[in-house]
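Please take a moment to look over the sequence and the model before reading on. The paragraphs below are meant to be read alongside them.

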Amino acid sequence: MDKLDRAIIAATQAGLPLDTRPYAHVAEQVGSDEATVMARMQAMQASGIIRRIGAVPNHYVLGFRGNGMSVWEVPENRIQACGEMVGSLDFVSHAYHRPKHPPLWNYNLFAMVHGRDREEVMQKVEKIAALLGENDLGHEVLFSTRILKKTGLRLPGEKA
């Protein structure tokens with residue numbers, strides 16, 4: 001990673017600007033051109049320096065106030081298939097595998113469910129339970145009670 005890459009990361013670590021041409025805006029900040037910034041960001045993404053570029057919606061602002069992390073106990077030998085099924089649902093923003101910690105915590109599949117209220121979330125959780133069928137060995141819903149600030153990695157000493 002050279003000086004220009006670091007400057008691009010510093011200029012984008014708080015997010016891309018809301019602009020019709022965000023890469024041109026970043027290019028202006030770092031003293032480069034739009035095509036170079038785009039090429040550098042693609043290269044950094046391909047090498048794994050940048051994991052992904054995407055929107056991070058604020059669900060509360062969008063009216064989804066009943067957000068809950070559903071946790072599922074599913075058979076370990078079915079975790080990949082179950083995760084893919086659940087993760088493909090349009091009301092699940094992310095799903096992932098976590099290790100069980102028996103006897104206190106037997107859940108190994110986590111899926112964030114969004115809804116306008118808790119009742120809507122519970123209806124969606126029941127859809128997941130029906131989808132998982134016999135693979136659902138137990139589940140719970142942990143509702144969000146407050147918003148924690150979400151940020152990506154920040155380079156030390158670099159301003160956003």
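What follows goes from the domains to the salt bridges.

This is a predicted model, and its chain is divided into domain 1, covering residues 3-47, and domain 2, covering residues 59-143. Taken over C-alpha atoms, the centres of domain 1 and domain 2 are separated by 35 Å.

Side chains of opposite charge can pair when their charged atoms come close. In this model the count comes to 5 salt bridges, and among them is the one in which the side chains of aspartate 2 and arginine 40 meet, at 2.8 Å from N to O. Because aspartate 2 lies in the segment before α1 (3-12) while arginine 40 belongs to helix α3 (residues 34-47), this pair ties together parts that are 38 residues apart in sequence. Aspartate 5 also forms a salt bridge with arginine 40, with the closest N and O atoms 2.9 Å apart, and since aspartate 5 lies in helix α1 and arginine 40 in helix α3, the pair ties together parts 35 residues apart in sequence.

Another salt bridge joins the side chains of glutamate 73 and lysine 100, at 3.4 Å from N to O. Glutamate 73 lies in the loop between β1 (68-72) and α4 (79-87), and lysine 100 in the loop between β2 (92-97) and β3 (109-113), so the pair ties together parts that are 27 residues apart in sequence. Glutamate 73 counts as buried at 18% relative accessibility, whereas lysine 100 counts as partly exposed at 26%.

Definitions and conventions: Residues numbered from 1 in each chain as written. Predicted model: local features only at pLDDT ≥ 70, side-chain atom pairs only at ≥ 80, totals over all residues. Heavy atoms only, no water. Domains from an automatic or database assignment. Salt bridge = Lys/Arg side-chain N within 4 Å of Asp/Glu carboxyl O. Helix = DSSP H or I, 4+ residues; strand = E, 2+ residues; numbered from the N terminus. Buried < 20%, exposed > 50% of the residue type's maximum accessible area, 1.4 Å probe, protein only.
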